[in-house]
Amino acid sequence: MHNNFEVIIVQFKNIRSIREDRDIRQREVAAYLNVSQNTYSQYETGVISLTAEVLIKLANFYDVSVDYLLDQTDNPKRQK
């Protein structure tokens with residue numbers, strides 16, 4: 001009996017691009033999230049899945065919507 005597990009990596013381009021556009025280093029965001037730089041790098045590349053808690057913290061850090069971070073919209077503005 002074989003177990004065939006498919007690994008799906010989901011990478012969200014806006015999480016990396018917003019950081020780079022604002023000239024923020026991974027280690028700065030990692031410190032804000034209270035994780036290692038390596039862990040944050042793995043969030044950006046999709047190796048580690050983003051939790052709701054991390055998404056909310058990132059949205060607060062960048063003052064953008066969670067939908068923007070998840071590439072569901074091109075509009076970074078939050079709905080109030």
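The side chains of Glu 44 and Arg 19 are joined by a polar contact of 2.5 Å. A polar contact here is a pair of N or O atoms within 3.5 Å; within protein, one must be able to donate a hydrogen and the other to accept it, and residues adjacent in sequence count only if both atoms are side-chain atoms. The model is predicted, so local features need pLDDT of at least 70 and side-chain atom pairs count only at pLDDT 80 or more, while totals for chains, interfaces and linings use all residues. Residues are numbered from 1 along each chain as its sequence is written, and side-chain values use heavy atoms, with hydrogens and water left out.

Glu 44 lies in helix 3, residues 37-45. Helices (H or I, at least four residues) and strands (E, at least two) are DSSP runs, numbered from the N terminus. A second polar contact of the Glu 44 side chain, at 3.0 Å, goes to the side chain of Gln 26. Is Glu 44 buried or exposed? Glu 44 counts as buried because its relative accessibility is 3%; buried means under 20% relative accessible area, exposed over 50%, and partly exposed in between (1.4 Å probe, protein chains only). When neighbours within four places in sequence are left aside, the residues in contact with Glu 44 are Gln 11, Ile 15, Arg 16, Arg 19 and Gln 26. Contact means heavy atoms within 4.5 Å.

The chain as a whole comes next. Its secondary structure consists of five helices and zero strands, which read along the sequence as α-α-α-α-α. The chain has 80 residues, of which 29% count as buried. Of the contacts between residues at least 6 apart in sequence, 45% join residues at least 24 apart. The accessible surface of the chain is about 5900 Å², and 46% of this belongs to carbon and sulfur atoms. These areas come from the Shrake-Rupley method with a 1.4 Å probe; for residues, only the protein chains shown count as cover.

Asp 23 is not a glycine, yet has a positive phi of about 55°. Asp 23 sits in the loop between helix 1 (13-21) and helix 2 (26-33), and counts as exposed because its relative accessibility is 69%. Asp 71, also a residue other than glycine, has a positive phi near 60°. The place of Asp 71 is in the segment after helix 5 (66-69). With a relative accessibility of 28%, Asp 71 counts as partly exposed.
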